Amino acid sequence: MAVGDQGNLPGAANLPRWQVYGLVALLLLLSNVPLVCLIVLWPEPADLAGPTRLHLLSWSWTVSPERRILLCVAFCGLLGGAIRMLLRIRGDFTSPEVRKW
């Protein structure tokens, strides 16, 4: 893209503003899922002694301490990725190089 070119960014779609806001709202909502799972899975010291029964909404399952820690690590990574994605979207839409709507 030339320096003075006002065309679209490569790979950018021409979406109406309401669709962009809806997409960002959906991503914000979905980024809370790993946070809720972390709160449910976070082990107490007594929980690491043996398998425990976890309850989330209508689901219930037994998890060993090792799997519980592994799930916490996985959800921490998912939460970090979601935060990074939202920051990237914010940076893309607040950049002065993006043409005005």
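Q: Are α1 and α3 roughly parallel or roughly antiparallel to each other?
A: In this predicted model, the axes of helix α1 (residues 17-30) and helix α3 (residues 65-94) come within 10 Å and cross at roughly 160 degrees. Angles over 145 degrees count as roughly antiparallel. So the two helices, α1 and α3, are roughly antiparallel.

Q: What kinds of residue make the contact of α1 with α3, nonpolar, polar or charged?
A: The crossing of α1 and α3 is left-handed. On the α1 side, V20, V24, L27 and L28 make the contact, and on the α3 side it's M85, L86, I89 and F93. Sort them and you get no charged, no polar and eight nonpolar.

Q: Is S31 buried or exposed?
A: S31 sits in the loop between α1 and α2. Setting aside neighbours within four places in sequence, S31 touches L79, A82 and L86. Under 20% relative accessible area means buried. S31 comes in at 10% relative accessibility, so call it buried.

Q: How far apart in space are S31 and G80, C-alpha to C-alpha?
A: Along the sequence, S31 and G80 are 49 residues apart. In space, C-alpha to C-alpha, the gap between S31 and G80 is 9.2 Å.

Q: Which elements give two or more residues to the largest nonpolar core?
A: That core has nine residues in all: C37, L38, L41, L54, L56, V63, C72, F75 and L79. One of them, C72, touches L38, L41, W42 and P43, not counting residues up to four places away in sequence. The elements giving two or more residues to the core are α2 (32-41), β1 (52-56) and α3.

How values were computed
Residues numbered from 1 in each chain as written. Predicted model: local features only at pLDDT ≥ 70, side-chain atom pairs only at ≥ 80, totals over all residues. Heavy atoms only, no water. Axes fitted to C-alpha atoms, helices over the stretch in contact; angles between N-to-C directions. Helix = DSSP H or I, 4+ residues; strand = E, 2+ residues; numbered from the N terminus. Parallel < 35°, antiparallel > 145°, perpendicular 65-115°, else oblique. Left-handed = near helix turned anticlockwise from the far one by under 90°. Contact = heavy atoms within 4.5 Å. Nonpolar A, V, L, I, M, F, W, Y, C, P; charged D, E, K, R; others polar. Core = buried A, V, L, I, M, F, W, Y, C linked by side-chain atoms within 4.5 Å. Buried < 20%, exposed > 50% of the residue type's maximum accessible area, 1.4 Å probe, protein only.
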